[in-house]
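Please keep the sequence and the model at hand while reading.

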Amino acid sequence: MSISKDSKEQSEFREYCRSWLEENRPPPTEFPLPQAAYEVMTEDHRSYLVDWQARCYEAGLIATDVDKEYGGHGHDGFQIIASNEVRKAGVPYFINWIGLGMAAPTLLIHGTEEQKQQFLPPIFSAEDIWCQGFSEPGAGSDLASLQTSAVKDGDNWLINGSKVWTSLGHFARWMLLLARTDKQDKYNGITYFLCPMEHPGVTVKPIHKMTGESGFNEVFLEDVTIPDDLRVDAIGAGWKVAMSTLTVERGAAQGVGAIASSESPFAAIEQLIETAKTTTRNGRTLWEDPTIRDRILKVYERTEASTQSARRARINALNGGAMRIPLQGKLNGSEIGQEMHQLAMTILGPAASLYIGDTNAVDNGRWALGYMNTYTGTISGGSSEIQRNILGERVLGMPKTK
Amino acid sequence: MSISKDSKEQSEFREYCRSWLEENRPPPTEFPLPQAAYEVMTEDHRSYLVDWQARCYEAGLIATDVDKEYGGHGHDGFQIIASNEVRKAGVPYFINWIGLGMAAPTLLIHGTEEQKQQFLPPIFSAEDIWCQGFSEPGAGSDLASLQTSAVKDGDNWLINGSKVWTSLGHFARWMLLLARTDKQDKYNGITYFLCPMEHPGVTVKPIHKMTGESGFNEVFLEDVTIPDDLRVDAIGAGWKVAMSTLTVERGAAQGVGAIASSESPFAAIEQLIETAKTTTRNGRTLWEDPTIRDRILKVYERTEASTQSARRARINALNGGAMRIPLQGKLNGSEIGQEMHQLAMTILGPAASLYIGDTNAVDNGRWALGYMNTYTGTISGGSSEIQRNILGERVLGMPKTK
Amino acid sequence: MAQPKDFGFGEEQVMLQEAARRFCDDKQPLTALRQATAGSEDPYHGKDRPGHFDAAAWQEMVELGWTALAVPESAGGVGMSLVTAVILAEEIGRAAMPTPLTSTLQTTYVLKAAGSPANNWLARIVEGQAASLAIQPHDGSHLPDSTTIVVKDGRLSGTASFVQDVQKTDFLVVAAKESGQTKLYALNTATEGVSVQFDKIVDLTRDQGRVTFDGAAAECIAEDGAKVLAAAMPAILTLIAADVAGGCEWLMQATAEYASVRTQFDRPIGFFQAVKHPIVNMMIAADETRSLVYNAACAYDTEPEKAALAAHLAKSSAADTAEFCANRSTQLHGGIGFTWEHDVQIYHKRQLHSKQLYGDAVWHREQAASYL
Amino acid sequence: MAQPKDFGFGEEQVMLQEAARRFCDDKQPLTALRQATAGSEDPYHGKDRPGHFDAAAWQEMVELGWTALAVPESAGGVGMSLVTAVILAEEIGRAAMPTPLTSTLQTTYVLKAAGSPANNWLARIVEGQAASLAIQPHDGSHLPDSTTIVVKDGRLSGTASFVQDVQKTDFLVVAAKESGQTKLYALNTATEGVSVQFDKIVDLTRDQGRVTFDGAAAECIAEDGAKVLAAAMPAILTLIAADVAGGCEWLMQATAEYASVRTQFDRPIGFFQAVKHPIVNMMIAADETRSLVYNAACAYDTEPEKAALAAHLAKSSAADTAEFCANRSTQLHGGIGFTWEHDVQIYHKRQLHSKQLYGDAVWHREQAASYL
């Protein structure tokens, strides 16, 4: 869909972004980059991506609309343009996606003046990588059942427990930490802290995913001391704070320019169509197989529908309620993506066995790797099963399953 | 699959069945017969079908293996042959399917000598049509929550309540009745009776299904008096008795020759393939559309799998446990049938709109009618949702959902 | 050409949506339908089914300007967008209302595509005449040149099948071939030489028939009929898809409400994920169709080069959504939803009818693929 | 010809099944696999992945007579049925065991179909040599005459791709064309002029490679190679499908057990129908595939005219079951099943590999349709 016109200032800024990205596009890495920021595991990739984010920050593509006093560029309504152009340009994502996507919005809404001034600039420049300490072993989808304890000790808090699925934990200087300050109250017993990862009581152990990647980590916290001024919002307000950033994640994330992966869903389905047109087996291309084509088109149809739903969500008389479409976004996006990658493996046939790094792998083995990583989307951040509960209960008003 | 050889007696009897059915095939009805016995609603169809069952009984195709003293023909191992030949011959089903399929097996296992001698012969001849009074309004899948009460009154029981989804209730002389004799005990508070439908306290009200058919009925029971000798098995044993015939339904039913519908799943899919090959739209047959063909073949594949699973079920080392395959039968059969009929509507396209009785309806409108009636299979007798609970809990040992 | 971010759905549209919803609620079309069809349940005896038409309600729609809505001002209409017409089709679908409005709107787009020669027929629609399309042969083909009707000296001979709402229509637009060339003709349904055989159909909210022409005189409104039909087809498809979006939203809401009140095993059945999650999937399907419908309508209004692809996607999504929502709503209602008395079966049958109208999901995805 | 009601699954088969299951349990193949592959997780750096082969276990299988099992007595084997061989393939799949047994059994059926000229190669299999098929070109085509290798004066030139377990095989059966005619050749993997490039594949339990022939000398074992391959293909397909049936049964059982012990929201997750019902659907899929596998094997043994259709149905079912069970088992295990440490990922990848081996579900249903 072509989009409506920019204002003069907007189109000038859009032009600036385009030309800057064109001139400053970084050279390809020796080894392929992971498909998303949360899978970055090795030092060569880290330094390359930190450098890239720092330059984009200087260029004004990150923190575009943030006040200058917090290290931002002080514009208004320009961030969305910058982010769209970054996506379109097909350049690398920003490694500090948790810092940009979760830490910065949280601090902007709930942080103290000091916290904002201390933490925001190095988030934007990727000088400080951030990770998120919400999930715990055994908690799974029941996030609020977390057990990591925070005990008041004078002006400090003493933290003990462990976290899991911690992306970037092995690179991070800071962690967004949820800890339990009251065992009696499941939801109001949780408090939100900023935890220094360089503290001696912090141990980080990489987790290898089925892809072989180790972007995720286990983090063990033993008698970690956190001064009270690293607490965010009130004692017991942690769950509220976490939810407020989780639910507005996409929106808020865009607010400072987080881009965790470089590809739009349409770009993926279009590459799949191209691959189907160029993959020949048993005497014809897979695109010439009407049954395969029908399945590709069903994915295309659903991808277009998601795009149009986002458009419809902004019209009250057509959106069926404010949260109905937004709450479907994560579920549909992850499941359509999984279906698409599964289909891609079918299209590749025997070549689907060739993994990233194999000299004959189609599209550099992106489909097998991408397929396995779609489970991050359908499992983490509230599994698809939990998403359907939420939709049935919050949107359609059906009784709670728990 | 071709089958292994009969014994000499068996092949003689098979030959007899074939030739008898060939010579005695009844003339077609003026108006098409319903697709299954439980949908018979009108007098013209009733009288035609009662006459047909009576003649098949005389010919020895029904109650073939039942003792002579109970009106049977006293053979052994011949019923399965007779039933298979009746199915193959494509002749009408037997209207008294509840009598043959449920009443007779129940009485043979749990009935008194008097009950067997009084009730079995007129069941076989279809002189007495039987219906089943298990389901109640509001009970739905929770069968055991039934409320119809039976109160002891001297040598009699006083019955009050109502039943629903009662096939053949409008023709029946007798009903298999489950009534509550103890409010305190959900399962052991149920007793099994034989209820005379001609009793003045019995009112039958037809229910029209979405197909327009009214084979089902509501039955109201007001102060219906039942002498104690019409009780089956012990007081409080009703649930046990009902389950014993429900679970062995197919097996036991075959025991006396019940045939509730005239068509095998394979016959249906083969007719669908034939229809796809002869239905042309936009310049080609639907069978020539590879996507449609793929869907037809998936149904064919699953139909063949069900047939082969029944074969595998008889081999202990291959069946994964005695009940694993049998408990899948109803679920798979009804869902494959629903998928097949849905696909048939797609194949017919605009012609799928033409209902039974329309002069241009393809295959006499069987597909639209049959499609709607597949919901009887996926909803009644334990819905597909309940079937999956049963399989997950009884076969796979997962925790109960209730 | 740029599409407006809001699909062109502005204040006027909000007001029309509210008015249409109120109108459909007030009419209680299914109550009237039940009275009209009572006693005709038995499918085995009798070869026909009475259609149902609330002429008074139709007159009100005309007075509300709904028939004039899509007619260009040049032909005395209001000349509003397809997005606006879609609002009506969606509400008609939500109410499962038996009315020739959708057929008439579809015919309107064919007449518009035919240009000035069709203006006086458009004027009749403004006046309140109902119209329908007679463009499909007996085998149900729906290509722009599928017709098997032939023309000689301006007189039509042959049969058109699957003519929607034919009992209710005043005139027909007919595709017919003259020496191999498909042309479009218009004539009154009552014209001499026109005979209608009513089909006995599954859907209780529509009627349908075969129209046989035996040398009936008709007015030619388009020489290149295939081109005109192809130009109008995106609008025709989008309007059916909108009907499905409305109907499936109703089915989804009705099932969610039932799941919240109906109890089994001492719990409302909506507690059970085997009930709750399929209803959520119904919502997802209905939302996808609705979004694709407004995109298709907006493309037709403002970005014609994208209209065909967008309409194919809308109808393929609608066909899948219709099948799925009809299926699950009956299953999850259990026995009660399977009865003639329950409204679910009426919506179920209407979705089945819409699913196959002018092409199923497989067909439309195959067409869509040709644009990629 | 009549099929035995029991698939020809008698006492001998029961004993073999028990022995094979015990053997696979004792070997704990995944423990050994983890030791062999430790440290090779990182997919970004390094272009190769070590295969894993337990030579001692292979020797035991040979001594148990498993390699001789399908070889005709005329060639010094035991001459048992495909139903019997399927038992082994199913147990190998249930254990996800890295072994060339299935490839060797598949090669055995090609050699059998080739008749007496291949007898001395069959004898080698009896002795314990592992073999594999080199019949697919780079594009993964798997028709009997898809090979792009050419022969001149009995010497092979060209490349065969997707050769299974090539690291573990002693000899290869190669499809090659001489003046357009597809013939079959056999030669030692170590022959001069044969070079192997190992693929870096997703499945950790198999290895695969590209074999390039540069004027390698080989023995012709079949003049009409396409006919021989077509005759053996039902057995080849049935053996893969059996591997899937075993592997998906393991995945289903493992997921059901996990759902009974893992608690969330104060309940074992198997309480929730969103977990329980998909696991039941996994069971249904695995059962359908297993039933079609034994039917296909029995048809191959006793009703050859039905073998091709039955095998296509078995493999199409297996491909769908592999995809579905792999997908759901990972999803329902949640984060833990997504880790390298968990066995589910090993089975998941093996099913993905088997899904596409010699044709996916769509392909095989298309072939099956030609028999209807």
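A residue is called buried if 20 or more other C-beta atoms lie within 10 Å of its own, exposed if 12 or fewer do, and partly exposed in between. The model discussed here is predicted.

## A loop residue in chain B

Asp363(B) is found in the loop that runs between α10 (329-348) and α11 (366-379) of chain B. Because 17 other C-beta atoms lie within 10 Å of Asp363(B), this residue counts as partly exposed.

Which residues does Asp363(B) touch, once its neighbours within four places in sequence are left aside? The contacts of Asp363(B) are then with Gln271(B) and Thr275(B). Thr275(B) stands 88 residues away from Asp363(B) in sequence, yet the two are 8.2 Å apart in space when taken from C-alpha to C-alpha.

## A covered helix in chain D

Helix α5 of chain D covers residues 101-114, and its 14 residues reach 20 Å from the first C-alpha to the last, which is close to the 20 Å expected at 1.5 Å a residue. This helix, α5(D), is mostly covered, since 13 of its 14 residues are buried. After α5(D) comes Gly115(D), which has a positive phi, near 80 degrees.

## Paired strands in chain C

In chain C, strand β2 (residues 150-152) and strand β3 (residues 155-164) run antiparallel and are joined by three bridges. Within this pairing, Val150(C) is placed opposite Ser157(C) of β3(C). The two strands, β2(C) and β3(C), form a hairpin that leaves two residues between them, and Asp153(C), in the turn, has a positive phi of about 45 degrees.

Strand β3(C) also pairs with strand β7 (residues 208-217) of chain C, again in an antiparallel way, through eight bridges. Here Thr159(C) is the residue that stands opposite Thr212(C) in β7(C).

For α9(A) and α9(B), the angle is about 95 degrees and the axes are 7 Å apart. Angles of 65 to 115 degrees count as roughly perpendicular, and α9(A) and α9(B) are therefore roughly perpendicular to each other.

On one side the contact is made by Pro290(A), Thr291(A) and Asp294(A) of α9(A), and on the other by Pro290(B), Thr291(B) and Asp294(B) of α9(B). Sorted by class, the residues of this contact between α9(A) and α9(B) are two nonpolar, two polar and two charged.

How many residues does each chain bring to the contact of chain A with chain D? Chain A brings 46 residues and chain D brings 39 residues. On the side of chain A that touches chain D, at least two residues each come from β9 (280-281), α9 (290-312), α10 (329-348), α11 (366-379) and α12 (384-395) of chain A. Among these elements, α11(A) gives the most, with five residues. The side of chain A that touches chain D is made up of 17 nonpolar, 20 polar and nine charged residues.

Chain D is also touched by chain B, with 32 residues of chain B in contact with 36 residues of chain D. The elements of chain B that give two or more residues to this side are α9 (290-312) and α12 (384-395), and the largest share, 13 residues, comes from α9(B). By class, the side of chain B that touches chain D holds 14 nonpolar, nine polar and nine charged residues.

Terms used. Residues numbered from 1 in each chain as written. Chains lettered and ligands numbered in written order. Predicted model: local features only at pLDDT ≥ 70, side-chain atom pairs only at ≥ 80, totals over all residues. Contact = placed C-beta atoms within 7 Å. Helix = DSSP H or I, 4+ residues; strand = E, 2+ residues; numbered from the N terminus. Nonpolar A, V, L, I, M, F, W, Y, C, P; charged D, E, K, R; others polar. Expected span 1.5 Å × (residues − 1). Axes fitted to C-alpha atoms, helices over the stretch in contact; angles between N-to-C directions. Parallel < 35°, antiparallel > 145°, perpendicular 65-115°, else oblique. Pairing = 2+ DSSP bridges.
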